[in-house]
Amino acid sequence: MALFTFDGSNAGLTARLMLDHKGIDYRYVNLLPAAHALAVRALGFPGWTVPALKVGGRRVQGTRNISRALDELWPEPLLFPSARRDAVEEAERWGEDVQNAARRLFYCAARRDRSAFASMTEGTHTLPARLWLRAAAPLIVWLAGSVHAATDSAGRDALAALPSVLDTIDAWIEEGLLDGSELNAADFQIAPNVRPMLFFEDLAAFIEARPAGRFARRVVPEYPGHVRRVLPDEWLEPLRAASEGRS
Ligand SMILES: N[C@@H](CCC(=O)N[C@@H](CS)C(=O)NCC(=O)O)C(=O)O
């Protein structure tokens with residue numbers, strides 16, 4: 001079995017965490033970002049995205065397809081516990097929107113901080129690959145930002161929605177849907193999208209001390225990357241207003 005992804009991918013991390021949670025042995029294939037889209041097509045997957053999982057003769061692509069395939073093939077421990085299946089499915093689907101928001105915010109920031117992209121993606125690559133990633137970062141950031149519609153206006157909208165996203169996560173933690181003793185598919189979908197926001201100098205202070213921040217660190221203890229303080233000050237206004245309202 002092989003998981004195709006790239007270091008730094010939030011969606012790829014969701015798949016890794018679910019495989020690790022089930023204690024499954026697999027080959028981790030760390031593709032080069034940007035080239036990954038062509039690679040997965042060449043490997044016979046129908047779409048252009050990672051994570052992509054080859055298991056037996058099957059090709060399963062996308063975090064939500066992977067979570068279901070894993071429960072089907074290795075039922076223990078269940079990612080969708082029978083007692084809360086509907087709620088976990090709905091939270092997992094919602095978490096995919098947070099995945100998009102996190103990615104858009106990252107590309108908006110990476111257009112302004114030239115070192116951000118390599119800091120997140122160079123991971124375990126060889127030195128030549130890391131040098132290439134650093135050199136090609138502006139092009140890849142532009143390309144990926146276009147593919148994922150990471151315009152400045154989308155980034156600003158993502159920040160405006162962030163206080164309510166964090167409130168929802170906090171509420172789900174409080175009611176036990178997330179962050180329980182046994183983690184589920186929604187935990188693995190949501191935490192890898194909040195966790196990278198903690199390495200944004202602009203955002204960490206708004207998230208760190210909240211239940212959502214502690215939860216993200218519990219599920220994803222390490223997430224390499226760093227984004228300097230580069231987001232326009234006025235974009236942060238909704239976060240400031242929400243945090244004043246809470247104190
Ligand atoms: N929402 C999907 C999409 C995953 C996705 O967009 N992955 C990114 C990397 S984090 C990607 O492969 N983008 C390349 C592209 O869209 O061409 C999922 O959860 O699997």
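## Around the ligand

The ligand is surrounded by 16 residues, with H36, V50, T63, E96 and Q99 the closest of them; a residue makes that list if one of its heavy atoms lies within 4 Å of the molecule. Before going further, a word on where this comes from: the model is predicted, so local features need pLDDT of at least 70 and side-chain atom pairs count only at pLDDT 80 or more, while totals for chains, interfaces and linings use all residues. Residue numbers start from 1 along each chain as its sequence is written, and side-chain values use heavy atoms, with hydrogens and water left out.

Now for the polar contacts (pairs of N or O atoms within 3.5 Å; within protein, one must be able to donate a hydrogen and the other to accept it, and residues adjacent in sequence count only if both atoms are side-chain atoms). E96 puts a polar side-chain atom 2.6 Å from a nitrogen atom of the ligand. On the oxygen side, H36 has a polar side-chain atom 2.9 Å from a ligand oxygen, and R103 has one at 3.3 Å from an oxygen atom of the ligand. Of the 500 Å² of accessible area that the ligand has on its own, the protein covers 85%; these areas come from the Shrake-Rupley method with a 1.4 Å probe, and for residues only the protein chains shown count as cover.

## The strands

Helices (H or I, at least four residues) and strands (E, at least two) are DSSP runs, numbered from the N terminus, and two strands pair if DSSP finds at least two bridges between them. Strand β1 (residues 2-5) runs antiparallel to β3 (residues 52-55), joined by 3 bridges. β3 is also antiparallel to β4 (residues 58-61), this time with 4 bridges.

## Salt bridges across the chain

Take a salt bridge as a side-chain nitrogen of Lys or Arg within 4 Å of a carboxyl oxygen of Asp or Glu, and the count comes to 19. One of them pairs R84 with E175 at 3.2 Å, N to O. That one links distant parts of the chain, 91 residues apart: R84 is in the loop between α3 (63-73) and α4 (85-110), and E175 is in helix α7 (residues 152-175). How accessible are the partners? R84 has a relative accessible area of 31% and E175 has 47%, so both count as partly exposed (buried is under 20%, exposed over 50%, partly exposed in between, with a 1.4 Å probe and protein chains only).

R112 and D152 also meet, at 2.7 Å from N to O. This pair, too, links distant parts of the chain: R112 is in the loop between α4 and α5 (116-121), D152 is in helix α7, and 40 residues separate them. R112 is partly exposed at 30%, and D152 is partly exposed at 32%.

## Salt bridges along a helix, and a network

D97 and R93 form a salt bridge at 3.5 Å, N to O. Why do they sit about one helical turn apart? Because they are 4 residues apart in helix α4. D97 is partly exposed at 42% relative accessibility, and R93 is partly exposed at 31%.

Finally, a network of salt bridges links R68, R85, E89 and E92.
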